[in-house]
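Student: I would like to learn how to read strand pairing and helix packing from a model. Can we work through a case?

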Amino acid sequence: MNVLRIGPQGAAPAGDRLSPIIEELNQQRAWLAKVPVAALLALWDDYSGRLLRDPRTKPLEGVMFLSAWLRQANLQKLLQLNTMGNPGYLDGFVGVDNYLLSARPQGLVAMWMAGNVATLPMFSLVPGLLAKNVCLVKLAAADPGGMDRLLAVLAESQAKGLRGEDLLRAAAVVWFDYRQQPLSEEMSLAADARVVWGGREAVRAVTALPRREHCVDIVFGPKYSIGLIDRKLLEAGGGALEAAVAGFVRDIAVFDQRACSAPQTIFIERNARCSLAEVGRMFAVGLEKLPPKPGLDAYTTLRILGARAEWAMDPLRDVAASTGGADWTVCMDREVSLKEAVQSRTVFLTEVESWREVLPLLTPKVQTVGIAFADRDDALAFAEAATAAGAARCVRPGLMNNYESPWDGKLLLNQLLRWVIVKP
Amino acid sequence: MNAATLEQQVEELIRGPQYALRQAEKDARLTAILRELCRDVAARCPPYGRFLDHFGPAAEDWRTLADIPPLPVAMFKRFLLAAVPPERIVRELHSSATTGQQPSRIVVDKTTAFRQARALVSILKEHVGSSRRPLLVLDAADSTAAGDSLSARGAAIRGVANFASETVFGMTRLPGGELQADWDAIEAFFARHGGDAVLAFGFTYIVWTGFVLEAERRGRRFQAPQAVLLHSGGWKKLTAAAVTKEEFGRRVGAVLGAAAEQVLDFYGMVEQVGTVLVDCPAGHKHAPAFADVVIRRSLTLAPAAQGEPGIIEVLSALPTSYPGQALLTEDQGVLMGVDDCPCGRKGSYFRFLRRIEEAEVRGCGDTFAQARDIR
């Protein structure tokens with residue numbers, strides 16, 4: 001048995017081919033197309049509440065944010081943005097001037113997930129189903145990582161006559177070894193749209209798979225995120241800097257800094273009030289207060305220890321780190337560069353004269369910039385320049401990992417739709 | 001402890017029996033030595049001084065070897081870590097480096113070089129006997145090319161050659177750089193010494209592909225029942241080819257005409273030449289008297305319990321010219337026991353498990369900034 005199917009009951013062997021699963025999914029397309037958007041929104045809202053109440057899902061990392069994101073009001077806004085202001089397009093034709101317009105699903109959406117964020121599949125699956133696509137989701141690891149529990153609670157959700165159990169027939173979550181080329185090809189060739197989340201190798205491997213000519217590719221590839229604290233905020237006092245650091249610490253802690261939206265390098269503008277070392281101490285204090293990490297792989301441990309040693313041994317750099325283990329690390333320097341991401345509570349603070357020095361580092365590879373500015377106009381001036389250079393998001397500290405639409409410059413749900421026009 | 005006493009204590013450990021000290025005594029003696037040695041090296045090597053200033057307890061508070069903050073071996077790729085002025089450097093060792101990577105650079109002064117050579121002889125004596133013997137090196141002669149710079153392979157070959165009464169190189173290098181067995185030389189070596197206690201040495205993958213597989217393909221077998229083959233180096237390619245340690249030993253032994261138990265794997269690295277950890281008949285690796293191994297847990301870095309896999313740290317009293325006294329390797333191992341190995345050697349003993357590789361799943365945030373294509 002090469003395929004594992006992950007469902008409310010856990011992971012179970014599902015044969016050596018994906019075709020039976022693909023066939024099952026395709027049989028649900030007509031049914032799903034008729035489900036009103038209002039019912040889908042109500043179901044997700046019901047699910048949202050259950051996630052926080054149910055002991056199976058309550059402890060999952062990121063579930064609180066997922067629950068908030070699934071609230072009807074939030075998904076309604078997401079739909080508005082992704083459907084040119086009228087989610088009614090999803091339920092049928094809407095008259096526009098002298099023609100009719102509708103948003104049809106792409107069909108079967110194949111999703112390759114990254115293994116870094118337990119709740120990530122839901123941020124892909126929900127837009128897929130809201131757009132009334134049947135979805136085939138491949139997890140990165142055989143361990144469901146909580147996905148089975150998320151599905152179990154979804155199966156029990158219901159609202160407006162729609163049962164989660166029924167909706168789940170339109171979605172299949174699977175795992176198979178990525179080296180199983182025939183299975184990868186089968187999945188790819190079944191897709192009307194391919195959604196790929198992951199690092200460089202995963203993205204390259206999936207996008208190289210054969211696909212149907214009409215298939216749409218939506219890639220959320222490897223990205224790097226940074227932070228910036230401006231001079232005026234550093235000099236402002238009144239707790240603004242403390243709040244910004246606390247926000248960044250949250251951004252660092254979430255998903256163990258493995259998400260592409262997690263800050264790796266944070267630039268600190270030189271100022272008259274607070275030295276780089278003092279800012280470093282504030283980060284250290286914040287990181288020290290975090291709950292201990294549950295565990296860490298040997299590779300990341302070595303990377304952390306390597307970064308620490310390198311920064312300690314270089315006379316032009318400095319480092320502060322947790323004692324007795326590889327829990328957290330604050331590396332400090334004045335070399336204006338994007339430091340190699342180490343992850344797992346390892347942040348690089350780099351002093352710059354002005355945020356303008358950071359601009360040449362910004363390319364489309366930089367996804368999110370956490371911006372801590374005292375002055376809104378200054379923040380907008382930076383954001384104007386940063387997004388022109390390629391950055392996709394400029395958000396306040398504490399919000400960096402909050403998945404939203406657009407993400408990585410894309411309106412995912414919109415791209416999972418086919419816009420059709422009728423002029424009778 | 002003054003410099004003379006320190007020197008004398010290290011010498012005692014190098015000259016004495018290598019596996020007779022019980023772990024508690026060894027830990028106490030080595031901790032005292034390394035406390036002084038690390039302080040001394042830190043005073044002469046400012047980057048290492050800064051490292052010790054930043055991490056772990058102060059040297060005077062080191063109570064056991066596990067208290068010494070281990071320096072990640074990768075730092076030898078980032079910095080030239082010299083504790084001696086350039087005029088006292090007699091040799092610079094370097095690791096092989098994959099494309100785009102910096103090799104490790106290790107500077108060796110006369111004291112360190114002497115210690116390394118004598119230490120290796122002391123260790124090998126305990127595994128293969130004390131007499132010098134003919135040595136067949138399964139590598140090319142140019143791997144040990146003379147000069148003040150030497151590769152890891154070259155350093156290891158030179159070290160083992162200290163134990164040889166005669167050295168024959170059993171491979172030649174083709175114009176493209178590949179190694180090819182020199183069957184004439186190998187045949188002649190075994191024709192002269194086949195019945196004697198001979199030593200063969202090579203790097204694991206080279207021994208396997210260049211010697212064993214080729215000999216099997218050509219149907220060559222030798223009659224050297226007293227031969228001992230020492231080999232070292234990564235198992236990654238052999239693991240990928242599904243070759244186990246047992247199969248390696250069996251097939252090497254079959255080609256040599258020797259027992260599989262006479263094929264000895266040793267663990268060592270260019271950052272600690274002379275400090276090699278050789279397999280005992282029970283298949284365990286033992287640190288010699290002047291060195292030790294601590295297996296550390298990921299995340300907490302606390303010493304791992306017996307049977308628990310962890311990151312291998314190797315400690316050694318040999319280096320004086322660079323900070324190689326306590327090095328955190330990029331390998332995983334497991335502590336198998338203390339003072340009770342069936343082979344009779346005392347001290348802690350362990351097994352090598354694998355090289356620590358990048359986790360398969362590091363996610364979309366796994367980008368490399370300057371090194372890759374962010375810029």
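Tutor: Start with a definition: two strands pair if DSSP finds at least two bridges between them. Keep in mind that this is a predicted model.

Student: Which residue in S14(B) is the bridge partner of Val294(B)?

Tutor: Val294(B) has Glu313(B) in S14(B) as its bridge partner. The strands concerned are S13 (residues 291-296) and S14 of chain B, which pair in the antiparallel sense over six bridges.

Student: With which other strand does S14(B) pair in the antiparallel sense?

Tutor: S14(B) pairs with strand S15 (residues 326-338) of chain B, again through six antiparallel bridges. Within that pairing, Ile311(B) stands opposite Gln332(B) of S15(B).

Student: How many residues of S14(B) are buried?

Tutor: In general, the side chains of a regular strand alternate between the two faces of the sheet. In strand S14 (residues 309-316) of chain B, seven of the eight residues are buried, so the strand is largely enclosed by the rest of the structure.

Student: And what describes two packed helices?

Tutor: The angle between their axes and the distance between the axes. Here, helix H8 (residues 204-218) and helix H10 (residues 245-256) of chain B pack at about 50 degrees, with axes 10 Å apart. H8(B) and H10(B) are therefore oblique to each other, and the crossing is left-handed.

Student: Which residues meet there?

Tutor: On the H8(B) side they include Trp208(B), Phe211(B) and Glu216(B), and on the H10(B) side Phe248(B), Arg251(B) and Val255(B). By class, the contact between H8(B) and H10(B) has 10 nonpolar, one polar and two charged residues.

Definitions and conventions. Residues numbered from 1 in each chain as written. Chains lettered and ligands numbered in written order. Predicted model: local features only at pLDDT ≥ 70, side-chain atom pairs only at ≥ 80, totals over all residues. Heavy atoms only, no water. Buried < 20%, exposed > 50% of the residue type's maximum accessible area, 1.4 Å probe, protein only. Helix = DSSP H or I, 4+ residues; strand = E, 2+ residues; numbered from the N terminus. Axes fitted to C-alpha atoms, helices over the stretch in contact; angles between N-to-C directions. Parallel < 35°, antiparallel > 145°, perpendicular 65-115°, else oblique. Left-handed = near helix turned anticlockwise from the far one by under 90°. Contact = heavy atoms within 4.5 Å. Nonpolar A, V, L, I, M, F, W, Y, C, P; charged D, E, K, R; others polar.
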